[in-house]
Amino acid sequence: MCGVCKRVESSLAQNNPYFIHEFKHSIFVLGDHQVFKGYSLLLLKNHVRELHDMNREDYLELSDELMVATNAIVKTFSCYKMNYQSLGNMVEHVHWHLLPRYRDEKHTGKAPWEYYMDPDFKEEEFRTTSEQALSLSSQIKENL
Ligand SMILES: [Zn+2]
C-alpha cells in the first residue's frame, strides 16, 4: 500500500483531527505543517498513478472537488492566492498539495520552496498539532 493510500485509510478512521471532508473521488485533509496557514491535501481515494490515467468523467468530477476544497480554504483564511502542487515523484498516487499564500509572508511572490531553501527555516516549528488540526479542519468544514 502506498503512502497516499495509507493516508486515505487513516483519514477515514474515526476522530482523525486532520480529516476535513470525503468527496466522491477524494479525501480532503489538513497538511502536516502550517508553513502556509490552511495548507491541506486532496487525495484521490483510488490508487491511480497519473491524472491522465483517469477516465475523463472522473477527472472532471475530481477537478470540481479540487475547486470546492480551494474555495473553502480561501473563504476560511482569506488568502490572496492558491498554489497547487501535484508532483507525484515520491509517492506515485494522484494528490494535490493546496498551499494558501498570503501577502504578508516572508517570501510573498516567490515559489513555496523558497522557504525550504532559506537557511533560517525550521519546518518543525510549523508542525500541525492535533489540537491545531482539529480547530483548522472544523473552520474549513464550516465553509464547504
Ligand atoms: Zn496509493
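**Size, core and contacts of a predicted chain**

Student: What makes the radius of gyration of the protein chain agree with that of a compact globule?

Tutor: The radius of gyration is taken over C-alpha atoms, and the globule rule is 2.2 Å times the number of residues to the power 0.38; for 144 residues a compact globule would have a value near 15 Å, and the protein chain has 15 Å, so the two agree. Along its principal axes the C-alpha trace spans about 40 × 30 × 30 Å. This is a predicted model, in which local features need pLDDT of at least 70, side-chain atom pairs count only at pLDDT 80 or more, and totals for chains, interfaces and linings use all residues. Residues are numbered from 1 along each chain as its sequence is written.

Student: Why are 28 residues called a nonpolar core?

Tutor: The term denotes a set of buried Ala, Val, Leu, Ile, Met, Phe, Trp, Tyr and Cys residues joined through C-beta atoms within 7 Å, where buried means that 20 or more other C-beta atoms, placed from the backbone, lie within 10 Å of the residue's own. The largest such set has 28 residues, and Val29, Leu42, Leu43, Ala69 and Leu98 have the most contacts inside it. Its largest share, five residues, comes from helix H2, helices being DSSP runs of H or I with at least four residues.

Student: Which residues is Leu42 in contact with, leaving aside its neighbours within four places in sequence?

Tutor: Contact requires C-beta atoms, placed from the backbone, within 7 Å; Leu42 has such contacts with Ser26, Phe28, Glu65, Leu66, Ala69, His95, Trp96 and Leu98.

Terms used. Buried ≥ 20, exposed ≤ 12 C-beta atoms within 10 Å, placed from the backbone. Helix = DSSP H or I, 4+ residues; strand = E, 2+ residues; numbered from the N terminus. Contact = placed C-beta atoms within 7 Å.
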